[in-house]
Amino acid sequence: MTSVPWSRQLAGDLLAEPLPRRWAHSQGVGRKAESIGHVLGADADLLICAAWLHDIGYAPSLVKTGLHSLDGARYLRDVEQADPRVCALVAYHSCAHIEARNRGLDEELAAEFEPVGGLLADALIYCDMTTTPNGEPVDVEQRLSEILSRYGPGAVVTESITEASPHIVGSARRIEALLVT
């Protein structure tokens with residue numbers, strides 16, 4: 001099962017009560033995906049579903065590995081029987097493969113989910129990385145700075161985001177260029 005209303009409802013069910021700030025972020029990411037979906041044509045709903053669901057792995061009931069993208073994708077696959085492409089987008093969103101490697105989970109991630117690249121991956125990165133934790137629009141560089149300051153030096157997320165930053169900025173700029181044409 002995968003539809004936009006289902007995705008929105010599932011994300012809210014998992015995040016709204018235990019993690020209201022994460023839910024606010026997810027709502028902002030979902031709304032942004034809805035606003036730019038037209039650049040993806042037939043894949044618009046795929047982006048929008050993944051945007052609403054991208055952070056469900058933070059839900060306390062889903063945390064297993066500590067890598068929220070993997071935990072969320074596994075739940076979508078194993079419990080919800082979601083579209084494999086949505087699962088893969090969630091699994092790899094915002095350069096999660098780098099954090100997976102830094103956590104020693106890269107082989108599990110690669111064995112279970114097929115990476116998604118191109119415009120779909122760029123669009124999900126754009127939606128996630130231009131939305132604040134409170135769900136408000138923000139420039140990609142400001143978002144990256146906020147993540148680095150929130151986690152601090154030495155954290156695996158800090159190391160991963162630092163490494164991923166050039167790719168994240170590139171993805172955001174590619175989508176921004178499409179939106180102005």
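Modeller: Two rings of Phe, Tyr or Trp pair if their centres lie within 6.5 Å. This is a predicted model, and by that rule the count comes to one aromatic pair.

Biologist: What makes W23 and W52 an aromatic pair, and why is it called tilted?

Modeller: Their centres are 5.8 Å apart, and the cut-off is 6.5 Å. So they pair. The planes stand at 45 degrees. Stacked needs under 30 degrees and edge-to-face over 60, so this pair is tilted.

Biologist: Which parts does the pair tie together?

Modeller: W23 lies in helix 2 and W52 in helix 3, so the pair links parts that are 29 residues apart in sequence.

Biologist: How do you know whether W23 and W52 are buried or exposed?

Modeller: Buried means under 20% relative accessible area. W23 has 15%, so W23 is buried. W52 has 4%, so W52 is buried.

Biologist: Why is S26 called buried?

Modeller: S26 has a relative accessible area of 0%, which is under 20%, so the word applies. S26 is found in helix 2. Leaving out residues up to four places away in sequence, S26 touches L15, A51, W52, H54 and D55.

Biologist: What makes the charged end of R22 count as sitting over the ring of Y58?

Modeller: The distance to the ring centre is 3.7 Å. The limit is 6 Å, with an angle within 35 degrees of the ring normal. K32 likewise sits over the ring of Y126, with its charged end 5.4 Å from the centre.

Methods:
Residues are numbered from 1 along each chain as its sequence is written. This is a predicted model: local features need pLDDT of at least 70, side-chain atom pairs count only at pLDDT 80 or more; totals for chains, interfaces and linings use all residues. Side-chain values use heavy atoms; hydrogens and water are left out. Helices (H or I, at least four residues) and strands (E, at least two) are DSSP runs, numbered from the N terminus. Buried means under 20% relative accessible area, exposed over 50%, partly exposed in between (1.4 Å probe, protein chains only). Contact means heavy atoms within 4.5 Å. Rings of Phe, Tyr and Trp (its six-membered ring) pair if their centres lie within 6.5 Å; planes under 30 degrees apart count as stacked, over 60 as edge-to-face and the rest as tilted.
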